[in-house]
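Please open the model in a viewer and keep the sequence at hand.

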Number of protein chains: 2
Amino acid sequence: MPSAYPRTAQPALVIGSIGIDRVATPFAESDNLLGGAASYASIASSYFAPTRLVGIIGGDFPRSFLARYRRHGIDLAGLQVDRAGKTFYWSGRYHEHFAGRDSLETRLNVFEKFSPVLPEAHRDTPFVMLGAIQPSLQNHVLDQLAGPRPPFILADTFDLWIHTARAELDRLLKRIDLFVINEDESLLLTGERNSILAGRRLRKMGPRIVVIKKGAHGSLLFHADGYFAISAYPVTKLVDPTGAGDSYAGAIIGYLASVNRTDFAALKKAVAYATAVSSLTVESFSVNRLSTAGRATIDARFRELLRITRF
Amino acid sequence: MPSAYPRTAQPALVIGSIGIDRVATPFAESDNLLGGAASYASIASSYFAPTRLVGIIGGDFPRSFLARYRRHGIDLAGLQVDRAGKTFYWSGRYHEHFAGRDSLETRLNVFEKFSPVLPEAHRDTPFVMLGAIQPSLQNHVLDQLAGPRPPFILADTFDLWIHTARAELDRLLKRIDLFVINEDESLLLTGERNSILAGRRLRKMGPRIVVIKKGAHGSLLFHADGYFAISAYPVTKLVDPTGAGDSYAGAIIGYLASVNRTDFAALKKAVAYATAVSSLTVESFSVNRLSTAGRATIDARFRELLRITRF
């Protein structure tokens, strides 16, 4: 399944949580699922560029999950294995009509002691995605990057860090290129009530590029060269939204790495590919649909997005 | 202010409520405002095509409001005046962050006895918008249309009629071409939980074309030739959302009348113009911004929508 990457393709590095999930939706439930932001993001990225994964797992991590990463050609040199420990575990239940979710159980396990260390060979990675781990760890990863040119850094976060690690998060924002954030969290972080104003405000807090994700309502891109808005892909078979945002961000870093460009035109295409990729993620539990869809299906959805938004 | 209409332009007829409003938002309030769906819709339509207004007012209706219609070249032959009565009055208050609104006071006044009668000269109007009045009255208007070709009918509704006049509404849906409805109401009417499925379902209930409005999240168009999604214009100065949906629908009927076409390509452009027009409406109380903006401003926003949605 590793794609034939274009000659322009640079490596992308994804760092974040790796977990074993149990998910209940209004219609079904499933357990022993491959989860974690870095799983979704690295698989999404792997469709576009050679992808390096940095994270931690325990001795209980199923071999089939490792095989899944390998089928996507993901470089696991940065994967820490703590054989004596157990993998991060998360169990959640979505509310009726998928209007929000509750975390039923979170066991950090080996993730509690996670200190991301980049293998020597990964320190020059030119495209890096920092999943929504503690901002102090995100900053710690940035301290280790030492390539010949400044790397392009994408970071994600979530409400917990906005509430509990604001100073570290503010410091992080000044060190990254692209901040990808949910609409609600963009409003929480900026104090704005309007996502357009929130996007503009976030750019003043550091990142020169901001993407606000609105789920079924599409997403917004804020860049020095302009503003871009894209509608969602028309999903009618919503099975499990877990990982949608992570695969969205992973597709962005992978696409940018594949073309080795970060200009406004490339970012618009990256956002469109991310929209296509995340529409696949929600059509199954875990990474199943995302992983098996194949690049041709992603490209078909990208073209359909072009078609349904043109006038 | 009556535009120089293109040679293709056909007349459009707008029927609906005309009111005097009092509106309170989280930031300001204003009273003695020109309101009512037909006011917003006819002014919006007048930017594109010669527009006929059908509605009822009382003896208290300010002359300045009539002058406003006339400045837009709106044909008032169908305007009923009940000098002994008072104009429909509505007072509302928007919740914090514009998350919903309450109607504080509704006095139907002359609107209670409204029976729409089309002047003889209006019965052959080829493009008709039925504002969200009782479905029985909407059907009554359709009974009076008798032009040389079947007119193109756009209808709007709202939750009250879905709850209280469902049979008449179902009958109406089988007689119209284009149904324009809010996202929440599309879900209420169809029982779906997904707006894509709701749009498809509504097409099976009668109208061959459906538009679902999602406010700040854009809108969706369902047509036999395909699906189209457009993001909202990036409004940052939300003053009063009243009338946004009405001016949106009015712009659609006006644009279609102006090009005298109703194919998928024309409908996509109509929806984009409607998006531009309604973005102006919300930037002031009443029709003030909508009325004074001018066609050049609408065209500029249409072009900006093209620009911000292209990739």
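Select strands β10 (residues 178-182) and β11 of chain B, which pair in the parallel sense over 5 bridges. Strands here are DSSP runs of E of at least two residues, helices are runs of H or I of at least four, and both are numbered from the N terminus; two strands pair if DSSP finds at least two bridges between them. At one of the positions along this pair, N182(B) stands opposite K213(B) of β11(B).

This is a predicted model, in which local features need pLDDT of at least 70 and side-chain atom pairs count only at pLDDT 80 or more, while totals for chains, interfaces and linings use all residues. Residues are numbered from 1 along each chain as its sequence is written, chains are lettered from A and ligands numbered from 1 in the order in which they are written, and side-chain values use heavy atoms, with hydrogens and water left out.

Colour by pLDDT, the predictor's confidence in each residue from 0 to 100: chain A has a mean of 96, and 99% of its residues reach 70 or more. The model scores ipTM 0.93 and pTM 0.95.

Return to β11(B), residues 209-213. Is this strand enclosed or open? Because 5 of its 5 residues are buried, β11(B) is largely enclosed by the rest of the structure; buried means under 20% relative accessible area, exposed over 50% and partly exposed in between, with a 1.4 Å probe and protein chains only. I209(B), V211(B) and K213(B) cover one side, and V210(B) and I212(B) the other.

Now move to chain A and display its open sheet of 9 strands, ordered β5-β4-β1-β8-β9-β10-β11-β12-β13 with mixed pairing. β5 (75-82) and β13 of chain A stand at the edges with a single partner strand each, so one side of each is left without a neighbour in the sheet. Within this sheet, select β1 (residues 12-15) and β8 (residues 127-130) of chain A, a parallel pair with 4 bridges. L13(A) stands opposite V128(A) in β8(A).
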